[in-house]
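Have a look at the sequence and the fold, then read on.

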Amino acid sequence: MGFQTIPHKPCILIKNRILLFFYVDDIVLAYRKEDTATARQLISQLQQKYRFTGGNGLQWFLGIEIIKDRKQGLIWLSQTAYLNKIVNLATTNPTAKIPIGTVELLPYEGRAEAWSKTAYQQKTGSILYAAVITRPDIAFAASRLVRFNHNPSPQHHKAADQVLHYLHNTRTLALQLGGADDYVVASDASFADNSIDRKSSQAYAMKLFGGLVGWRANKQDTVTISTIEAELLALAQAAKESLFVSRLLAELTVQLDDHRIKIQCDNKQTIRLVTAEIATLQTRLRHVDIHNHWLRQEVANKKIMVEYTPSASMVADGLTKALNHTLHQAFIEQLGLAQLQGPDPSP
């Protein structure tokens, strides 16, 4: 199987049922026990050209600690050591029980100095790495903060510092994987919640075998004129990403009990539009109508199944809005973030 190396991007090579994942000089090999001899042969061939160190069971990768419990069939991914470092980027010390306040951040009317832009971008860049690797609980906050990278105000700095201190205060939370045998996707949208341009926030979350393996919180590109339109766009994004993951799983020879992808949605009218035998969407937005017909096609072809789930029970809901402390604690449990026991790890 051929592959192309993309600078500064993680790469995957699949050869003889062995998964080789690498980024710069960090390399991980994954294989079944029966393929151990083949894996050792591959390592030997690589060692003829490159000098390797390590070779033990996976414990660290790109600053991520991997903790395993084979008896329970569980894995935890932790960035405690990384979060201990990035808190030093904070220049203020705000209250940090939640990652972001419920008051919307607005653009800066002044002009930020160069040093302020650089410092702010260092903060948001560090926050983003945690948000996309092990800490989906800050995904919404990160998506809001990066909008002000080119002209941050003191208030934006304070908001970024709040996320940094929140991460440090909750640094022993780890993303737990395992514990179930299904593939479930959740989709949600928050209609016209951005007061500057009235675009909607959208999000999806994917759980595979009991663990969160994919998530995204972002702003929609188009201004929609109804909740249904916003929900349709969010549902289409979730469906496209989940279908890609299902094809990846098939390539990795992972078989699921149900070939249809179950997508949770908290809007009954949206579900009716894509599942009812006869349903008409009243919209002037052509691309929304196209997404609606594509979703109906995928439902008819039994590739996806859209089911109703109340907002309070759906994990994607917390990726589309700022939550108070009580709701945020419930959101952490929905995400599968578990508290690690024992002292802080260090690489």
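## Ground rules

Helix axes here are lines fitted to C-alpha atoms over the stretch in contact, and the angles run from 0 to 180 degrees between N-to-C directions. Helices (H or I, at least four residues) and strands (E, at least two) are DSSP runs, numbered from the N terminus.

What you're looking at is a predicted model, where local features need pLDDT of at least 70, side-chain atom pairs count only at pLDDT 80 or more, and totals for chains, interfaces and linings use all residues. Residues are numbered from 1 along each chain as its sequence is written, and side-chain values use heavy atoms, with hydrogens and water left out.

## Two helices crossing

Start with helix α7 (residues 268-275) and helix α8 (residues 286-300): their axes are 8 Å apart and the packing angle is about 65°. That angle makes α7 roughly perpendicular to α8 (under 35 degrees would be roughly parallel, over 145 roughly antiparallel, 65 to 115 is roughly perpendicular, and the rest is oblique).

Which residues of α7 and α8 make the contact? On the α7 side they are Arg 272, Leu 273, Val 274 and Thr 275, and on the α8 side Asn 292, Leu 295, Arg 296 and Val 299. Contact means heavy atoms within 4.5 Å. Sorted by type, the residues of this contact give four nonpolar, two polar and two charged. For that sorting, Ala, Val, Leu, Ile, Met, Phe, Trp, Tyr, Cys and Pro count as nonpolar, Asp, Glu, Lys and Arg as charged, and the others, Gly among them, as polar.

## The nonpolar cores

Nonpolar side chains tend to be buried together in soluble globular proteins. A nonpolar core here is a set of buried Ala, Val, Leu, Ile, Met, Phe, Trp, Tyr and Cys residues joined through side-chain atoms within 4.5 Å. Buried means under 20% relative accessible area, exposed over 50%, and partly exposed in between, using a 1.4 Å probe and protein chains only.

The largest nonpolar core has 46 residues, and the members touching the most others are Ile 127, Ile 138, Leu 145, Val 163, Leu 167 and Leu 319. Helix α5 (residues 154-169) supplies the largest share of this core, six residues. Take Val 163: setting aside neighbours within four places in sequence, Val 163 is in contact with Pro 99, Ile 127, Ile 138, Ala 141 and Leu 145. Another core lies apart from the largest one, with 27 residues that include Leu 232, Leu 243, Leu 249 and Ile 261.

Leu 164 sits in helix α5 and counts as buried, at 0% relative accessibility. Beyond its neighbours within four places in sequence, Leu 164 is in contact with Ile 86, Val 87, Leu 89, Ala 90, Lys 123 and Ile 127.

Is Lys 123 buried or exposed? Lys 123, in helix α3, is buried, with a relative accessible area of 1%. Not counting residues up to four places away in sequence, Lys 123 touches Leu 89, Ala 90, Thr 91, His 157, Ala 160, Asp 161 and Leu 164.

Pro 99 belongs to the loop between α2 and α3 and is buried at 6% relative accessibility. Among the residues Pro 99 touches, leaving out those up to four places away in sequence, are Asp 137, Ile 138, Val 163, Tyr 166 and His 328.

## An aromatic pair

Rings of Phe, Tyr and Trp (its six-membered ring) pair if their centres lie within 6.5 Å; planes under 30 degrees apart count as stacked, over 60 as edge-to-face and the rest as tilted. The count comes to two aromatic pairs. One of them is Tyr 82 with Tyr 129, an edge-to-face pair at 5.3 Å centre to centre and 80° between the planes. The pair links distant parts of the chain, 47 residues apart: Tyr 82 in helix α2 (residues 80-86) and Tyr 129 in helix α3 (residues 114-133). Tyr 82 is buried at 18%, while Tyr 129 is partly exposed at 26%.

## Loops with positive phi

Val 24 has a phi near 55°, a positive value in a residue other than glycine. Val 24 lies in the loop between β2 (18-23) and β3 (26-30) and is exposed, at 65% relative accessibility. Lys 302, in the loop between α8 and β12 (304-308), has a positive phi too, near 60°; Lys 302 is exposed, with a relative accessible area of 51%.
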